[in-house]
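Open the model in your viewer and follow along, stop by stop. Each stop tells you what to select and what is there.

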Amino acid sequence: MSTLVVYASKHGATQGIAERIASKLGEAGQEAEARPVEAVDNLTGYDAFVVGSAVYAAHWQKEASAFVQRNRTVLASKPVWLFSSGPLGTELTDAKGRDLQVAAEPKEIAEFQGAIGPKDHRVFFGALDPGELGFSERAIRKLPAARTMLPEGDFRDWTEIDAWASAIADHLAE
Ligand SMILES: Cc1cc2nc3c(=O)[nH]c(=O)nc-3n(C[C@H](O)[C@H](O)[C@H](O)COP(=O)(O)O)c2cc1C
(Lines give C-alpha, C1' and ligand atoms only; values in the text may rest on other atoms or scores of the structure.)
Protein backbone atom coordinates (compact mmCIF):
# COMPACT_ATOMS: atom_id res chain seq x y z
CA MET A 1 0.00 0.00 0.00
CA SER A 2 1.31 3.42 -0.93
CA THR A 3 -0.02 6.36 1.09
CA LEU A 4 0.24 10.05 0.27
CA VAL A 5 0.13 12.48 3.19
CA VAL A 6 -0.98 15.82 1.73
CA TYR A 7 -0.78 18.96 3.85
CA ALA A 8 -1.42 22.71 3.82
CA SER A 9 0.75 24.54 6.32
CA LYS A 10 1.23 28.30 6.61
CA HIS A 11 3.97 28.38 9.26
CA GLY A 12 5.26 24.80 9.49
CA ALA A 13 3.36 23.22 12.40
CA THR A 14 1.07 21.18 10.12
CA GLN A 15 4.00 20.22 7.92
CA GLY A 16 5.70 18.75 10.99
CA ILE A 17 2.59 16.69 11.84
CA ALA A 18 2.26 15.44 8.24
CA GLU A 19 5.92 14.43 8.08
CA ARG A 20 5.66 12.65 11.41
CA ILE A 21 2.63 10.67 10.21
CA ALA A 22 4.42 9.65 6.99
CA SER A 23 7.48 8.64 8.96
CA LYS A 24 5.41 6.57 11.43
CA LEU A 25 3.64 4.82 8.54
CA GLY A 26 7.07 4.06 7.08
CA GLU A 27 8.29 2.60 10.39
CA ALA A 28 5.21 0.38 10.39
CA GLY A 29 6.22 -1.04 6.99
CA GLN A 30 3.94 1.09 4.81
CA GLU A 31 5.17 3.06 1.83
CA ALA A 32 4.34 6.70 2.59
CA GLU A 33 5.42 10.21 1.66
CA ALA A 34 4.36 13.68 2.84
CA ARG A 35 3.98 16.45 0.27
CA PRO A 36 2.66 20.02 0.39
CA VAL A 37 -0.68 20.33 -1.37
CA GLU A 38 0.71 22.73 -3.96
CA ALA A 39 3.23 20.04 -5.07
CA VAL A 40 0.56 17.39 -5.69
CA ASP A 41 -1.08 17.19 -9.10
CA ASN A 42 -1.44 13.47 -9.75
CA LEU A 43 -2.96 10.94 -7.38
CA THR A 44 -2.29 7.94 -9.59
CA GLY A 45 -0.38 5.16 -7.87
CA TYR A 46 -1.52 5.90 -4.32
CA ASP A 47 -3.80 3.47 -2.47
CA ALA A 48 -4.65 5.68 0.50
CA PHE A 49 -4.51 9.34 1.54
CA VAL A 50 -4.06 11.39 4.67
CA VAL A 51 -5.03 15.04 4.13
CA GLY A 52 -4.30 17.71 6.75
CA SER A 53 -4.55 21.46 7.05
CA ALA A 54 -3.78 24.23 9.47
CA VAL A 55 -6.91 25.96 10.79
CA TYR A 56 -7.24 29.74 10.57
CA ALA A 57 -10.45 31.53 11.58
CA ALA A 58 -12.21 28.15 11.91
CA HIS A 59 -11.42 27.14 8.32
CA TRP A 60 -8.96 24.88 6.53
CA GLN A 61 -6.44 26.55 4.27
CA LYS A 62 -8.13 27.27 0.91
CA GLU A 63 -5.66 25.12 -1.06
CA ALA A 64 -6.40 22.07 1.12
CA SER A 65 -10.16 22.46 0.71
CA ALA A 66 -9.73 22.97 -3.04
CA PHE A 67 -7.62 19.79 -3.17
CA VAL A 68 -10.41 17.75 -1.55
CA GLN A 69 -13.09 19.29 -3.81
CA ARG A 70 -11.04 18.82 -6.96
CA ASN A 71 -10.18 15.18 -6.17
CA ARG A 72 -13.38 14.14 -4.39
CA THR A 73 -14.17 11.31 -6.84
CA VAL A 74 -10.77 9.66 -6.34
CA LEU A 75 -10.77 10.35 -2.59
CA ALA A 76 -14.26 8.86 -2.20
CA SER A 77 -13.00 5.62 -3.78
CA LYS A 78 -9.96 5.16 -1.47
CA PRO A 79 -9.33 5.06 2.28
CA VAL A 80 -8.83 8.65 3.45
CA TRP A 81 -7.99 10.13 6.85
CA LEU A 82 -8.27 13.86 7.56
CA PHE A 83 -6.58 15.94 10.24
CA SER A 84 -6.60 19.56 11.31
CA SER A 85 -3.85 21.41 13.16
CA GLY A 86 -5.63 23.97 15.27
CA PRO A 87 -6.09 24.79 18.91
CA LEU A 88 -3.26 26.24 20.98
CA GLY A 89 -2.53 26.18 24.70
CA THR A 90 -2.74 23.60 27.45
CA GLU A 91 -6.47 23.92 28.22
CA LEU A 92 -8.42 20.92 26.92
CA THR A 93 -11.80 22.69 27.04
CA ASP A 94 -13.09 26.01 25.73
CA ALA A 95 -14.81 28.78 27.72
CA LYS A 96 -18.12 26.88 27.47
CA GLY A 97 -16.55 23.70 28.82
CA ARG A 98 -16.62 21.92 25.44
CA ASP A 99 -13.78 19.58 24.45
CA LEU A 100 -11.51 21.91 22.47
CA GLN A 101 -10.64 19.28 19.89
CA VAL A 102 -14.35 18.88 19.13
CA ALA A 103 -15.19 22.60 19.34
CA ALA A 104 -12.29 23.44 17.00
CA GLU A 105 -13.56 21.26 14.16
CA PRO A 106 -13.24 23.40 11.01
CA LYS A 107 -16.38 24.32 9.06
CA GLU A 108 -15.45 22.21 6.02
CA ILE A 109 -15.27 18.86 7.76
CA ALA A 110 -19.02 18.13 7.84
CA GLU A 111 -19.17 18.69 4.08
CA PHE A 112 -16.11 16.48 3.49
CA GLN A 113 -17.71 13.69 5.56
CA GLY A 114 -20.54 13.61 3.02
CA ALA A 115 -18.41 14.13 -0.08
CA ILE A 116 -15.59 11.63 0.49
CA GLY A 117 -16.55 9.56 3.57
CA PRO A 118 -13.20 9.71 5.39
CA LYS A 119 -12.31 6.93 7.83
CA ASP A 120 -11.65 9.56 10.51
CA HIS A 121 -11.03 13.23 11.14
CA ARG A 122 -8.85 14.33 14.02
CA VAL A 123 -8.11 17.80 15.39
CA PHE A 124 -4.57 18.05 16.79
CA PHE A 125 -3.21 20.85 18.92
CA GLY A 126 -0.89 23.08 16.87
CA ALA A 127 2.02 25.45 17.34
CA LEU A 128 2.53 29.19 17.10
CA ASP A 129 5.81 31.07 16.77
CA PRO A 130 5.10 34.84 16.92
CA GLY A 131 8.27 35.52 14.91
CA GLU A 132 6.71 33.73 11.93
CA LEU A 133 3.47 35.72 11.85
CA GLY A 134 2.55 38.33 9.27
CA PHE A 135 1.25 41.81 10.04
CA SER A 136 -2.48 40.95 10.03
CA GLU A 137 -1.95 37.80 12.13
CA ARG A 138 -0.10 39.85 14.76
CA ALA A 139 -2.99 42.33 14.77
CA ILE A 140 -5.52 39.52 15.29
CA ARG A 141 -3.46 38.17 18.22
CA LYS A 142 -3.73 41.55 19.93
CA LEU A 143 -7.56 41.48 19.91
CA PRO A 144 -8.87 40.80 23.44
CA ALA A 145 -10.96 37.84 22.24
CA ALA A 146 -7.95 36.21 20.57
CA ARG A 147 -5.34 36.87 23.23
CA THR A 148 -6.10 33.81 25.36
CA MET A 149 -6.84 31.59 22.35
CA LEU A 150 -3.57 32.19 20.50
CA PRO A 151 -0.72 31.68 22.99
CA GLU A 152 2.86 31.25 21.83
CA GLY A 153 4.30 27.73 21.96
CA ASP A 154 4.41 24.26 20.47
CA PHE A 155 1.42 22.29 21.75
CA ARG A 156 1.61 19.39 19.30
CA ASP A 157 0.98 16.12 21.14
CA TRP A 158 3.36 13.69 19.45
CA THR A 159 2.09 10.73 21.49
CA GLU A 160 -1.43 11.34 20.23
CA ILE A 161 -0.23 11.91 16.66
CA ASP A 162 1.89 8.73 16.71
CA ALA A 163 -1.03 6.70 18.06
CA TRP A 164 -3.27 7.98 15.27
CA ALA A 165 -0.64 7.13 12.65
CA SER A 166 -0.27 3.62 14.14
CA ALA A 167 -4.02 3.07 13.90
CA ILE A 168 -3.88 4.09 10.23
CA ALA A 169 -0.96 1.71 9.63
CA ASP A 170 -2.93 -1.12 11.29
CA HIS A 171 -5.88 -0.43 9.02
CA LEU A 172 -3.69 -0.38 5.91
CA ALA A 173 -2.05 -3.66 6.91
CA GLU A 174 -5.41 -5.45 7.16
C1 LIG B 1 -4.30 34.57 13.26
C2 LIG B 1 -4.50 33.15 13.70
C3 LIG B 1 -5.78 32.59 13.67
C4 LIG B 1 -5.99 31.26 14.08
N5 LIG B 1 -7.26 30.75 14.07
C6 LIG B 1 -7.47 29.50 14.54
C7 LIG B 1 -8.80 28.94 14.58
O8 LIG B 1 -9.78 29.56 14.19
N9 LIG B 1 -8.96 27.69 15.07
C10 LIG B 1 -7.91 26.94 15.51
O11 LIG B 1 -8.11 25.82 15.96
N12 LIG B 1 -6.62 27.42 15.45
C13 LIG B 1 -6.40 28.67 14.98
N14 LIG B 1 -5.11 29.18 14.94
C15 LIG B 1 -3.99 28.34 15.35
C16 LIG B 1 -3.30 27.66 14.16
O17 LIG B 1 -4.21 26.84 13.48
C18 LIG B 1 -2.15 26.79 14.68
O19 LIG B 1 -1.17 27.67 15.15
C20 LIG B 1 -1.61 25.83 13.61
O21 LIG B 1 -0.89 24.79 14.22
C22 LIG B 1 -0.72 26.56 12.61
O23 LIG B 1 -0.31 25.66 11.61
P24 LIG B 1 0.80 26.03 10.52
O25 LIG B 1 2.06 26.42 11.27
O26 LIG B 1 0.97 24.78 9.74
O27 LIG B 1 0.27 27.16 9.69
C28 LIG B 1 -4.89 30.49 14.51
C29 LIG B 1 -3.59 31.05 14.51
C30 LIG B 1 -3.40 32.37 14.12
C31 LIG B 1 -2.02 32.94 14.16
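**A guided tour**

Start with contacts. In this predicted model, 77% of the contacts in the chain with a separation of 6 or more are between residues 24 or more positions apart.

**Stop 1: the whole chain**

Show the chain as a cartoon. Count eight helices and eight strands. The radius of gyration is 16 Å, and the globule rule gives 16 Å for 174 residues, so the chain is as compact as a globular protein of that length. The trace spans about 50 × 30 × 30 Å.

**Stop 2: surface and charge**

The accessible surface comes to about 9100 Å². Carbon and sulfur atoms hold 50% of that area. What share of the residues is buried? Buried residues make up 43% of the 174 in the chain. Next, colour by charge. There are 18 positive and 25 negative charges. Their mean positions lie 7 Å apart.

**Stop 3: helix α1**

Select residues 13-27. This is helix α1, with 15 residues. From first C-alpha to last, α1 reaches 21 Å, close to the 21 Å expected at 1.5 Å a residue.

Which residues of α1 are buried? Pick out A13, T14, G16, I17, A18, I21, A22 and L25. Keep the helix geometry in mind as you look at them. An α-helix has 3.6 residues a turn, so residues three or four places apart point the same way.

Now step just past the end of α1. There, G29 takes a positive phi of about 95°.

**Stop 4: E27, in α1**

Go back into the helix and select E27, which lies in α1. Is E27 buried or exposed? Exposed: its relative accessibility is 60%, and the cut-off for exposed is over 50%. Draw a line from E27 to P118. The two are 91 residues apart in sequence and 23 Å apart in space, C-alpha to C-alpha.

**Stop 5: F124, in strand β6**

Select residues 120-124. This is strand β6, and F124 is found in it. F124 has a relative accessible area of 0%, so F124 is buried.

Show what surrounds F124. Leaving aside neighbours within four places in sequence, F124 is in contact with I17, F83, S84, S85, G86, P87, Q101, E160, I161 and W164.

Finish with one of those partners, I17. I17 is also among the buried residues of α1. F124 and I17 are 107 residues apart in sequence, and their C-alpha atoms are 8.8 Å apart in space.

Terms used. Residues numbered from 1 in each chain as written. Predicted model: local features only at pLDDT ≥ 70, side-chain atom pairs only at ≥ 80, totals over all residues. Heavy atoms only, no water. Helix = DSSP H or I, 4+ residues; strand = E, 2+ residues; numbered from the N terminus. Rg over C-alpha atoms; globule rule 2.2 N^0.38 Å. Buried < 20%, exposed > 50% of the residue type's maximum accessible area, 1.4 Å probe, protein only. Contact = heavy atoms within 4.5 Å. Areas by Shrake-Rupley, 256 points an atom, 1.4 Å probe, with all protein chains shown as cover. Lys, Arg positive; Asp, Glu negative; His and termini not counted. Charge placed at Lys NZ, Arg CZ, Asp CG, Glu CD. Expected span 1.5 Å × (residues − 1).
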